[in-house]
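Keep the sequence and the structure at hand while you read each solution.

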Amino acid sequence: MNLKAGPVALAVKALFTLLYGLPILWIVLTSFKSSADVFGTQSSLVFRPTTDAYVRSLNGDLLTALGQSLVIATGTTALVLLIAVPAAYGLARTRGWIATVGLGLLIVLQMLPQTAQVIPLFDLFGNWGLLDRVAAVILADTALLAPFATLLLRPFFRSVPASLEEAGSLDGAGVLRTFWSIVLPVARNGVLTVASLTFLLSWGEFLYAVRFFLTPGKYPLSALLSQQVSAFGIDWPGLMALAVLTSIPILVVFTATYRLLRDGLTVGAVK
């Protein structure tokens, strides 16, 4: 069985490497081309590299967008955890129809298309005076990702033995003390896994950033990329260079949390 699984697994890995690796290679190569070389049939792989696109991209707009993305991703992650951690713990320890209804509502919220939420949120944030502010995007991203984070965290809290909480209560610890000192440290890997995923997803969120920021100068990195496309054409080298630069922080975060994400998602799936 293992002899058959080896070649199959290798073929699947090679297929996914081609599917994801070739577009990435094309993006990187295009970022080092001149505009004339982008559509040249003789310069697909052999061309004279230039860093002009990176020089144009490294400006104040990029730094502003980087700061906006960092604030949005960090704020969303903190707010999502503030909501999802107690919600997931409550669903993990609740039995009966209440937990069933709660899980059903979370699944329904996950099924709602993001585009259907833009107009109601735009009207709501307009009444609250939050349009063109970072807080609007953070709240919108939190509403989008909190159900997902709650569903993902619940199996981690269910894996914590109830006997540990009973032992804590016998020692005189209250509910909050038991949760903070016993349950949360045991489920720490799950919380960190969800935090990493939330940060990555909110970093690349595009629709809310474009709709709730009325001033293009306040756009985060995901929306800044769209400004490279205009009615006068597309600056392909500049667009690809900006895509490479905006991917570096995500690559760093993913590399630093890869083992945590791999192990944490596996545990959550099994439980």
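Helices are DSSP runs of at least four residues, numbered from the N terminus. The model used throughout is predicted.

**Exercise 1. Find which helices line the largest cavity, and describe the lining by class.**

Step 1. By the rule applied here, there is one cavity of 30 Å³ or more, and the largest cavity holds about 40 Å³ of space.

Step 2. Its lining is made up of Ser69, Ile72, Val137, Asp141, Ser202, Trp203, Glu205, Pro220 and Ser222.

Step 3. At least two residues of this lining come from each of helix H4 (60–93), H7 and H10.

Step 4. Sorted by class, the lining of the largest cavity has four nonpolar, three polar and two charged residues.

**Exercise 2. Work out how H7 is oriented relative to H10, and which residues make the contact.**

Step 1. Helix H7 (residues 134–158) packs against helix H10 (residues 188–203) at an angle of about 155°, and the two axes lie 10 Å apart.

Step 2. Because angles over 145 degrees count as roughly antiparallel, H7 is roughly antiparallel to H10.

Step 3. The crossing of these two helices, H7 and H10, is right-handed.

Step 4. On the H7 side the contact is formed by Asp141, Leu145, Phe148, Ala149, Leu152, Leu153, Phe156 and Phe157, which meet Gly190, Val191, Val194, Leu197, Thr198, Leu201 and Ser202 of H10. The residues of this contact comprise eleven nonpolar, three polar and one charged.

**Exercise 3. Carry out the corresponding analysis for H5 and H7.**

Step 1. Helix H5 (residues 97–111) and H7 have axes that come within 9 Å and cross at roughly 135°.

Step 2. That angle makes H5 oblique to H7, and the crossing of H5 and H7 is left-handed.

Step 3. Leu103, Leu106, Ile107, Leu109 and Gln110 of H5 meet Leu144, Pro147, Phe148, Thr150, Leu151 and Arg154 of H7, a contact with eight nonpolar, two polar and one charged residues.

**Exercise 4. Which helix gives the largest share of the lining of the largest pocket?**

Step 1. The largest pocket, with a volume of about 200 Å³, is lined by Ile24, Ile27, Val28, Ala243, Val244, Ser247, Ile248 and Leu251.

Step 2. Helix H1 (2–31) and helix H13 (236–270) are the elements giving two or more residues to this lining, and H13 gives the largest share, five residues.

Definitions and conventions
Residues are numbered from 1 along each chain as its sequence is written. This is a predicted model: local features need pLDDT of at least 70, side-chain atom pairs count only at pLDDT 80 or more; totals for chains, interfaces and linings use all residues. Side-chain values use heavy atoms; hydrogens and water are left out. Axes are lines fitted to C-alpha atoms, for helices over the stretch in contact, and angles run from 0 to 180 degrees between N-to-C directions. Angles under 35 degrees count as roughly parallel, over 145 as roughly antiparallel, 65 to 115 as roughly perpendicular and the rest as oblique. A crossing is left-handed if the near helix is turned anticlockwise from the far one by less than a right angle, and right-handed if clockwise. Contact means heavy atoms within 4.5 Å. Ala, Val, Leu, Ile, Met, Phe, Trp, Tyr, Cys and Pro count as nonpolar, Asp, Glu, Lys and Arg as charged, and the others, Gly among them, as polar. On a 1 Å grid over the protein atoms alone, a cavity is a set of points where a 1.4 Å probe fits but cannot get out, and a pocket is an open set with protein on both sides within 12 Å along at least five of seven lines; lining residues have an atom within 4 Å of a point. Grid points are joined across faces, edges and corners, and a volume is the space filled by probe spheres set on the points.
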